Amino acid sequence: MEALASLRPTFPSLTHRPNKFSVRRSIPMDLHIRNSGSLASSSIRAQQPLQKLVEIRNNLWGYFAHFSGRGIESKDGFATVAPVTVPEENALKVKEWEVGMFQDEVAASQGIRIRRRPPTGPPTHYVGPFEFRLQNEGNTPRNILEEIIWHKDKEVARFRERRPLLALKKELDNAPPARDFIGALREANLRTGVPGLIAEVKKASPSRGVLREDFDPVEIAKAYERGGAACLSVLTDEKFFKGSFENLELIRKAGVKCPLLCKEFVVDAWQIYNARAKGADAILLIAAVLPDLDIKYMTKICKMLGLAALVEVHDEREIDRVLEIEGIELIGINNRNLENFEVDISITKRLIEGERGQRIREKGIIVVGESGLFTPDDIAFVQEAGVKAVLVGESIVKQSDPGKGISGLFGKDISLSPN
């Protein structure tokens, strides 16, 4: 089955929650609607057979016809709704809206609070009192992560138009070979006795602004490599982090041997193919954004392309979801809450102690500690908790010599050729 993030319209959506009004569209299976306009409750859920969902979607037009005064036949105090023909030119927009609503429902059922796109309501040819074009707090991102995701959804749609997936797949023939990202982390951990370092090439962040004015991605990458980094993380988001895929390509073409993580906000499988075409060896998948089906589908694509998938979590529910997915090899625990950017490094310890830690060890999963790591004591704390790798950006990229910043972070020289 294709994943929700990559499908274009297949599934129906049965509810629509336009902003604070939370209007629910529950359609009785027999589509008998009382003249008063009240509707019988229907407990349709995503796990029901697809055939039933499709049947209900096909009858939605009759439901809206009732409220627009068309196709109504009265009988014994009931109104039977007749189907309405959808203009062909509107069909795609309708189905795209339905898929978007279905995605949000599935995500919400898994505790995902980040909406994939603004709740702007159905296409304009939906008529009657259920057409919503409200401009209020419901159409405003609730936090910075949601703002990033809404922007990314539109950005990827534009990129897909310029470089369709079929054309992008052809570019893979000329991509440099994928390198062993996970193997590099394991080797560094064994060699140094401390967590393998994923050093981040990062110019700016929404919470901290510009971190380094004299930003040369290639020189920073080379300094990291000299300082003992096992792998590198390269920010590719332009609007919020001032990164780019050009930086990723430049670092790869400069001969830097460290495997590269594409640090992107993935909402579509197209981005994974694009990352591989640009020379990435790994990519980030955020559990706060992606439902389980997306993560399963995207990790399979990664394996097919030779990419490592770093699946990032922040709380207990997210890590429990990810641990239920087969084939996960790399879990990142972000100590920063991406909704409000608050940092607490104790989150790493809390999420991997007890039974969860045992499951992680049994599965052979490498845990990566992320965010809020500035001192040797911080590194020691997350290492004692059980992490085998750390992802660090701000505390070393701001140093005049990022390579020496690595020594300061770990409290010792971890380079391949220590002085």
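**Exercise 1.** Which residue caps the N-terminal end of helix 8?

*Solution.* The model is predicted. Look at the side chain of D268: one of its oxygens lies 2.8 Å from the backbone nitrogen of W270. Just after the helix, G279 has a positive phi of about 105°.

**Exercise 2.** Determine how many residues of helix 8 are buried, and what the helix packs against.

*Solution.* Step one: helix 8 covers residues 269-277. Step two: go through the helix and list its buried residues, which are A269, W270, Q271, I272, Y273, N274, A275, R276 and A277. Step three: 9 of the 9 residues are buried, so helix 8 is largely enclosed by the rest of the structure. Step four: identify the packing partners. The buried residues pack against helix 3 (144-162), helix 4 (165-171), helix 7 (245-253) and helix 9 (292-305), and also against strand 8 (260-263) and strand 9 (282-286).

**Exercise 3.** Describe the protein chain as a whole: what are its secondary structure counts and its buried share?

*Solution.* The chain has 15 helices and 13 strands. Of its 419 residues, 55% are buried. The accessible surface is about 19200 Å², with 49% belonging to carbon and sulfur atoms.

Methods: Residues are numbered from 1 along each chain as its sequence is written. This is a predicted model: local features need pLDDT of at least 70, side-chain atom pairs count only at pLDDT 80 or more; totals for chains, interfaces and linings use all residues. Side-chain values use heavy atoms; hydrogens and water are left out. Buried means under 20% relative accessible area, exposed over 50%, partly exposed in between (1.4 Å probe, protein chains only). Helices (H or I, at least four residues) and strands (E, at least two) are DSSP runs, numbered from the N terminus. Contact means heavy atoms within 4.5 Å. A polar contact is a pair of N or O atoms within 3.5 Å; within protein, one must be able to donate a hydrogen and the other to accept it, and residues adjacent in sequence count only if both atoms are side-chain atoms. Accessible areas come from the Shrake-Rupley method with a 1.4 Å probe; for residues, only the protein chains shown count as cover.
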